[in-house]
Amino acid sequence: MSTRPVRIGIIGSGGIARAHASAYKQLPWVEIVAVADVVEGKAQQFIDSQNLTGAAAFTDHRKLLELDLDGVSVCTPNAAHCPTTVDALEAGKHVLVEKPLSVTLQEGIAMVQAAKRSGKILTVGFQPRYDPNMGIVKNIVQSGQLGKVYYVETGGGRRRGMPGGTFIRKELAGAGAMADIGCYSLDMALNALGYPKPLTVSAYTSNYFGTNPKYHPEAEAFNVEDFGVALVRLEGDITLHFKISWAMHMDSLGATMFLGSEGGLKVTPAGRGPWSGVWDGKVGSMTLYHDIMGHMTESPIPVKEHNINLFFEKVKDFAEAVRDGRPAPIPGEKILFNQAIIDAVQRSSALKREVEIEIPEF
Ligand SMILES: NC(=O)c1ccc[n+]([C@@H]2O[C@H](COP(=O)([O-])OP(=O)(O)OC[C@H]3O[C@@H](n4cnc5c(N)ncnc54)[C@H](O)[C@@H]3O)[C@@H](O)[C@H]2O)c1
């Protein structure tokens, strides 16, 4: 292990960058060396407010990348994930990019290719992976006790959970609820299944709430989806039904469920408030279902209560991977499948028909 501190830069100094800075600051062997933000003065403000004494401020991330850094956190709006990440990897820096990976599949491919070329880490910021309950779900699905898993339903619904700002403008976010919170639900399902390749998608999206001034203060600027549903065919003859809302006149879009030839697993999200029902929250309950000739069983799986700071864990895992020369904790190459579905949702809903997904081999 090297004794030199792990030298980090942060690109994009808005809301989520604070969680990254706060996690890095708790790691005495990490030094935040620089911050870049396109808005004049914002990086310096961030440095001052986060007490990052000695850190350099830039408006152009390429200047930051000229420094002697080991890794960067990419905390920009989605549309800037690809250019900043590719530049960082090409400059020989490891990258922790915030979710979702990118806007389009093509961008995601360019990012993974850059990581392959550089041999550097490209990891994606899915903090729910550090919830031990996600591990339990994966273990059950992978253990084979459900038999052949043929159908998965996932995705949550916020009843009233509309973001604003950079999240609702297509030119910055690329997509709406399907990408913003849908990527978590997809990760939960795909990670449990071992990330099978998506093949086709038939999707519908709408934005009746975001574009209505009665429901959204920035309705005029709102041009992404606030609701979406998709039927996804996955490799291995698995069907995935994926649905998400930022707002709806309904309490829930239902649980996540894995239907297998020998058993079923239902996972409900924790929380009942207007923002509940998505997997960036906690797991509420897990139940195994069996119908064994003559009797039916429903066995609750105990939910692990924890106070883990998931944001801290994801940033620490990245920093440790950089320090110890480990591979990407949540590899961009796998999350590309997640992005491919979000990309196909956008294409399918625009074309109003099923679309195919093509992902190159790397
Ligand atoms: N993991 C999570 O739970 C979580 C939570 C919130 C946001 N996010 C993700 O984090 C990203 C940022 O979200 P946010 O809420 O911090 O947004 P934000 O709008 O608060 O901040 C983004 C910042 O990036 C800056 N920026 C834009 N383009 C840039 C560029 N090319 N170079 C440098 N800076 C640039 C903006 O000026 C802004 O200050 C999004 O991708 C979002 O999906 C993740």
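**Ground rules.** I worked with a predicted model, in which local features need pLDDT of at least 70, side-chain atom pairs count only at pLDDT 80 or more, and totals for chains, interfaces and linings use all residues. Residues are numbered from 1 along each chain as its sequence is written, and side-chain values use heavy atoms, with hydrogens and water left out.

**Sheet.** I looked up the strand order first. Six strands make an open sheet, E3-E2-E1-E4-E5-E6, with parallel pairing. Strands here are DSSP runs of E with at least two residues, helices are runs of H or I with at least four, and both are numbered from the N terminus. Two strands pair if DSSP finds at least two bridges between them. E3 (56–58) and E6 (122–125) are at the edges with a single partner strand each, so one side of each has no neighbour in the sheet. On average, neighbouring strands are turned by 25° against each other, direction ignored; the axes are lines fitted to C-alpha atoms, and angles run from 0 to 180 degrees between N-to-C directions.

I then checked one pair. E1 (residues 6–11) and E2 (residues 30–36) are joined in the parallel sense over six bridges. Arg7 is opposite Glu31 in E2.

**Helix H2.** Which residues of H2 (residues 42–49) are buried? I found Ala43, Phe46 and Ile47; buried means under 20% relative accessible area, exposed over 50%, and partly exposed in between (1.4 Å probe, protein chains only). Those three cover an arc of only 100° around the axis, which puts them on the same side of H2. The arc is taken from the directions from the helix axis to the C-beta atoms. Gln45 and Ser49 are exposed on the other side. The cover over the buried residues includes E1, H1 (15–25), E2 and E3.

Gln50 is in the loop between H2 and E3. Gln50 counts as buried because its relative accessibility is 10%. Leaving out residues up to four places away in sequence, Gln50 touches Arg18, Ala21 and Lys25, contact meaning heavy atoms within 4.5 Å.

**Cores.** A nonpolar core is a set of buried Ala, Val, Leu, Ile, Met, Phe, Trp, Tyr and Cys residues joined through side-chain atoms within 4.5 Å. The largest has 84 residues, and Val72, Val201 and Ile341 are among those with the most contacts inside it. A second, separate core of 26 residues includes Ala23 and Phe312.
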